[in-house]
Amino acid sequence: MAAGLCNLLKISPEERMVRQELAALYRLVAYFGMSDIIYTHISARIPGKPGRFLINQYGMLFHEICASSLVEVNEEGIALSENHEVDVQVNPAGFNIHAAVHAGRPDINFVLHTHTRAGAAVSCQKQGLLPISQQALMFYNRLGYHDYEGFALDVAERQRLIADLGENKGLVLRNHGLLVVGRNAAEAFNRIYILEKACDIQIAALSGGAELAMPAHEVMELTGDLASPEGVADWECLAWQAVLRLLDNQPTDYRS
């Protein structure tokens, strides 16, 4: 195994579980066509290790990622192994975004960022996500917007990212893509899947050229409230278990 990568036998059961869930997220993003070769990222907070996170090794395709290949990093994105720096590459711009969100939102454990065609297209539209579909309404009044500042290499941008995310479920990175947060892996996966569907529907609806139907304002608010319970929703957990069964039929084991 390459230097700096994890020996699963030497870590806590809690960290092993998070590694397996994060690896599953990478595999599922690839499976559902939401990856961008090596250029997006999903991260997770490591239980029992304040200021330590897991992220992908830069250069790996998402369908290749497994629990042991994930890299432990500190708040500056430096790869570590037993608190010593190791020679494993992590994308600095990618982690800068994730570091900001993890620092500003101690209530969340997973951050998931995509560059899909539909998501990036909506991020380029001045009006943002329109409340025209059930999927979009699940984010009603719960989606922030962050203006594009170029490649996210400036540490000073972290405060602006956090301010724009606020307490929302997700963030539209203008002229760039989408980002969601989750208290657990099930919540993060459902949020990105639904938000991506909402963007895909919007691009299709706008391309038809017909006048769009808008639900009543009170329906918008009701749908947003129902889709945002205080705890992780039962339907999110059910969907998560269902998609994990997809991975069980793949030729390589994400848990390894």
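How many aromatic pairs does the count come to? The count comes to 7 aromatic pairs, where rings of Phe, Tyr and Trp (its six-membered ring) pair if their centres lie within 6.5 Å. Planes under 30 degrees apart count as stacked, over 60 as edge-to-face and the rest as tilted.

This is a predicted model, in which local features need pLDDT of at least 70 and side-chain atom pairs count only at pLDDT 80 or more, while totals for chains, interfaces and linings use all residues. Residues are numbered from 1 along each chain as its sequence is written, and side-chain values use heavy atoms, with hydrogens and water left out.

**Aromatic pairs**

A pair of aromatic rings is described by the distance of the centres and the angle of the planes. Two of the pairs are tabulated here.

| Pair | Centre distance | Plane angle | Class |
|---|---|---|---|
| Tyr26 and Phe62 | 4.8 Å | 90° | edge-to-face |
| Phe32 and Phe189 | 5.8 Å | 45° | tilted |

Tyr26 lies in helix H1 (residues 13–31) and Phe62 in the loop between S2 and S3, so their pair ties together parts that are 36 residues apart in sequence. Helices (H or I, at least four residues) and strands (E, at least two) are DSSP runs, numbered from the N terminus. Both Tyr26 and Phe62 are buried, a term for under 20% relative accessible area, with exposed meaning over 50% and partly exposed in between (1.4 Å probe, protein chains only).

Phe189 is buried, with a relative accessible area of 3%, whereas Phe32 counts as partly exposed at 30% relative accessibility. Ring pairs also link Phe32 and Phe189 with Tyr31, Tyr193 and Trp240 into a cluster.

Leu246, in helix H8 (residues 234–248), touches two members of this cluster, Tyr31 and Phe32, not counting residues up to four places away in sequence. Contact here means heavy atoms within 4.5 Å. Leu246 counts as partly exposed, at 27% relative accessibility. Its C-alpha atom is separated by 8.6 Å from that of Leu28, 218 residues apart along the chain.

**Helix H2**

Helix H2 (residues 92–104) has 13 residues and should span 18 Å at 1.5 Å a residue, which agrees with the 18 Å between its end C-alpha atoms. The expected span is 1.5 Å times one less than the number of residues. H2 is mostly covered, with 10 of its 13 residues buried; among them are Phe95, Ile97 and Val101. The elements that cover the buried residues of H2 include strand S1 (42–45), strand S6 (110–114), helix H5 (157–165) and strand S9 (177–182).

**Cavities**

The structure holds 2 cavities of 30 Å³ or more. The largest cavity has about 70 Å³ of space, and its lining includes Ile97, His146, Asp147, Glu157, Arg174 and His176. On a 1 Å grid over the protein atoms alone, a cavity is a set of points where a 1.4 Å probe fits but cannot get out, and lining residues have an atom within 4 Å of a point.

**Loop residues with positive phi**

Ile37, in the loop between H1 and S1, has phi near 55°, a positive value in a residue other than glycine. Ile37 counts as exposed at 54% relative accessibility. Asn141, in the loop between helix H4 (134–137) and strand S7 (143–146), has a positive phi near 60°. Asn141 counts as exposed at 59% relative accessibility.

Notes: 1 Å grid on protein atoms, 1.4 Å probe; cavity = no way out; pocket = protein on both sides within 12 Å on 5 of 7 lines; lining within 4 Å. Points joined across faces, edges and corners; volume = space filled by probe spheres on them.
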